[in-house]
Amino acid sequence: MTAALVDQPVEPVSTAGGMLRRLNLVTAIAGGLILGLAGWLISHSLLQDDDLGSDQVVLVTLSCWAAGFMIGIGALNGPIGWALGRDLRHEDELFLAGKDQGVARYFRFTTDHKVVGIQYLVVTMVLFAFGGTLAMLIRTNLISPHSHFLNPQTYNAIVGLHGLIMIIATIIMVTGPFGNFIMPIMIGARDMAFPRLNALSLWLIVAAIPTILSAAVLGGIPTGWVGYAPLADQAPPGMDAYSVFIIIFAVSSAVAGANITTTVLTMRARGMSWNRTPIFVYGTVASVGLAIPAFPLFMASQVLLQVDRTQGGQFFVASGGGSPWLYSNLFWLMGHPEVYVILIPALAALMELTPVFSRRPLFSFNAAVISIAGIVGLSIMVWAHHMYASGWAPDLNGPFMLTTEMISVPTGLLFLVILGTVWRGRIWTTVPMMATYAMLWNFIIGGITGIYLSDVPADYALHGSMFVTAHFHYTLMGAGLTGAIGALAYWFPKMTGRMLNERAGYISFWFVQIGFNVTFLGMFAVGLAGQPRRVVTYAQLFAAGNFVSTIGAYSIGIGMLVLLYAVINSWLHGQVAPANPWGAKTLEWTVPNPIPLENFEVLPVVTSDAYGYGEEDEPASGIDPEREPVLAGASADLGPRPVGASNVEGGP
Amino acid sequence: MTTTAEVPVPGQHHDDVDAVGRRQLTGVCLLILADVAFVGALIFSYFYLRGLNTSNAWLSDGAATAPIWVGWAIAAALVVSAGFFRWALAGLRKGNLDRLVSGIGVAVVIVLLDAAAQVVQIMSFSFKPDANAYASSVYTLAGANLFHLVLTGLVGLGVWNRARIGKYTAADPWQVHIIAIWWVWIAVAGIGGALTTSFIASPNIGS
């Protein structure tokens, strides 16, 4: 890294970027701390509150932290400059894009979509590391019926934090890193439609992370990740941290959703008609398109919750005319589309890479598109299946059961698309392709158990049990996270310029997948036997299943650590990747390594679809995909690259 | 995917004005969609709790309510300001920059006065948010409208300043056009809030 920095060109004194030259992550943290402290002092004195951490004080302090952080990173410089009539010069745009700033651009309000993609990847990994550590603590506590490893309050707080952090991480794990880094190049664009909004969405999440972590010292989130009222009305100030986090995240996701959707709608390359647009692009747009109307509902629920908590509001208090069902409806109107916000892009990434490693066209592209559209359409009509047992609108249980079961039809179609693509393909077995196999296995279990749970009588028996926990882990982790890992292994060479260590990748794969199935099949067993979820102790009857689950969880943990090692080690010291190591046909593989700042020297014109793999075809890059030695041959031509460099021009 | 080279684009790359304008319009419409969902959720909450009337406590007998006309007056002012903004936009399209500046200026003044009126209304409610579900809902809708007004006032000040220093021309009216759409949306949201709070008593009495 140091060697790379020494190579930076020495420029004459420049004013490009203006005040942004002096703003970075350090000034952001300083701004957040200063404004947060000011907010705490002012609110504490104005409210004349003896309690240093009352709901109002916590709300004001955390909001001020976030505002200070965003000011400190430079998020407001653009809007203020616009209002004052100071339009950006070309040099300012280049500075904002991170040109010639080396590693420093990753710690600034940088607008280059490739930098934002890498930042999202790192943020996602940090969230997974934190959430995964909490999962290990939970499973360690559950290794025996009365382990007393954690006290009940701590256990409750950890379960809530684990759930929320993992949900947020899985929401951004594909559309964040790959939707930002890969997707614009895949459609032949030079950048996102709104580069500054792109940076804004990323830094809002970074600003929000400390707020949710603060919940750990503010009494935790005793409601689980769903934040159910009326318990949320009575919970400690950790719940205020939860609300602030969700509100910031909702703004971030709306901004990111508008940006990605606009980019795809208006910036596709000439000739890239909808039937030539790669399926990953469809998956990304479906995900963020669902998020645009869905997350504001979650945000609204948190605004109402804060009115209850800080102003004595009655939204969720039955004695004051409120109703906890209002919260349930607002939450699940977001909550079930959110499942597909997570799943669709992960499955689309696997549909993108499966033809590459099967050397066959995507089986029925139209069916894939229709199934994605079908899932999106139905996903907004199934929310109340989470509320069968709550007593809300029993007459609607039947219709919601029907819509929920109907969603298995387009989902099954996606299975057929992937199976049809693999069928009689010339399979090139790689870590990304293994992810496809693993997803097929895991998601068939997650999907079928979901059909059980969509059935009202079965749900009455299984609601709130470990069976439900196992089911959604099979879908969100077994299919979603597995898809994201496959996407990482597939696009790693393009994002970093280096190949992911294949041996470490395989070791990680088997530790994670075996551990995953051991953990959650065990959880299915104890759930069927009647163990409720979110309990700190349990009956001796469930001891064996829980012990097995905990051993499986440790295996996942080991596998994830190996993956982390593989990513860091390969990024720093991995084999240099050629421009198109897989012989793939989408546009991102046509750009050189390192990728130029504006991606394309000349804008591409698309003349065929992206899946023309067949016996008579020739790979677009001229690389023979059947020959793995292409990796070594190409890397020899490219020569050594600086240690720790990313694959983005303009840096080291 | 087969590709062929198009016209080479050297280092400095910019799309044409209309392409950028259409792109910005698409993005803002999507952000408005998100805001529609948020405002819709607040209105849904109002009608849901009013219809449910849990414990007959939506608005107990004799409880204070907000005068309906104030909400409508604030909404009407918003409509007038949106009208001035569109009048300014029409002026820009005809090349009349004086009309652009004065029209936006009037629209901004009305919105800022409207924001002040919204603050006065909130401060003078004869109930607190903790009185009942109706009170909580009215406060929240008024707060959301105030947020809209302040945000629009700030954006309006920016666009007015840019118009004043000659940043807009008849050939490139896109930013003003896009902000006009936002202005219309907040007027619609204001009407939605006023209409919602016009339905006070619950139809579900005695459940």
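Let's start with confidence. Chain A has a mean pLDDT of 91, and 92% of its residues reach 70 or more. Chain B has a mean pLDDT of 92, and again 92% of its residues reach 70 or more.

In chain B, pLDDT stays under 50 over residues 4-12, a stretch with 19 contacts beyond four places in sequence. Where pLDDT is low, the predicted coordinates should not be read in detail.

Which elements of chain B have the lowest and the highest mean pLDDT? The lowest belongs to strand β1 (residues 3-8) of chain B, at 46, and the highest to helix α4 (residues 133-164) of chain B, at 98.

## Where the two chains meet

Chain A brings 62 residues to the contact, and chain B brings 53. Together the chains bury about 4,400 Å² between them, and carbon and sulfur atoms give 66% of that area. On the chain A side, the residues that lose the most area to chain B are W82(A), F315(A) and G321(A), which together make up 13% of what that side buries.

What holds charged and polar groups across this interface? Here is the tally. The rule finds 13 residue pairs in polar contact between chain A and chain B, with both residues at pLDDT 80 or more. Several elements of chain A give two or more residues to the side that touches chain B, among them α4 (77-83), α5 (90-96), α12 (238-266) and β1 (602-606). Helix α13(A) gives the most, with 10 residues. By residue type, that side of chain A divides into 35 nonpolar, 18 polar and nine charged.

## Salt bridges

Side chains of opposite charge can pair when their charged atoms come close. Over all chains, the structure holds seven salt bridges. Two salt bridges are counted between chain A and chain B. In a salt bridge of the model, the side chain of R162(B) meets that of D87(A), at 2.9 Å from N to O.

Now look inside chain A. The side chains of D55(A) and R309(A) form a salt bridge, at 2.8 Å from N to O. This pair links distant parts of the chain: D55(A) sits in helix α3 (residues 55-73) of chain A and R309(A) in helix α13 of chain A, 254 residues apart.

## Aromatic pairs

How many aromatic pairs does the rule count over all chains? The count comes to 46. Take F178(A) and W491(A), a tilted pair with 5.7 Å from centre to centre and 35° between the planes. F178(A) lies in helix α8 (residues 177-181) of chain A and W491(A) in helix α20 (residues 466-496) of chain A, so this pair ties together parts that are 313 residues apart in sequence.

Most residues other than glycine have a negative phi, and most peptide bonds are trans. Chain A has some exceptions to look up. The peptide bond from A229(A) to P230(A) is cis, with omega near 5°. You'll find P230(A) in the loop between α10 (195-214) and α11 (231-234) of chain A.

A cis peptide bond also joins N593(A) and P594(A), with omega about -10°. P594(A) is in the loop between α22 (543-573) and β1 of chain A.

Is the phi of R424(A) positive or negative? It is positive, near 60°, and this residue is not a glycine. R424(A) is in a loop too, between α17 (408-422) and α18 (431-454) of chain A.

Conventions. Residues are numbered from 1 along each chain as its sequence is written. Chains are lettered from A and ligands numbered from 1 in the order in which they are written. Side-chain values use heavy atoms; hydrogens and water are left out. Contact means heavy atoms within 4.5 Å. Buried area is the accessible area (1.4 Å probe) that two parts lose on being put together, summed over both. A salt bridge is a side-chain nitrogen of Lys or Arg within 4 Å of a carboxyl oxygen of Asp or Glu. A polar contact is a pair of N or O atoms within 3.5 Å; within protein, one must be able to donate a hydrogen and the other to accept it, and residues adjacent in sequence count only if both atoms are side-chain atoms. Helices (H or I, at least four residues) and strands (E, at least two) are DSSP runs, numbered from the N terminus. Ala, Val, Leu, Ile, Met, Phe, Trp, Tyr, Cys and Pro count as nonpolar, Asp, Glu, Lys and Arg as charged, and the others, Gly among them, as polar. pLDDT is the predictor's confidence in each residue, from 0 to 100. Rings of Phe, Tyr and Trp (its six-membered ring) pair if their centres lie within 6.5 Å; planes under 30 degrees apart count as stacked, over 60 as edge-to-face and the rest as tilted.
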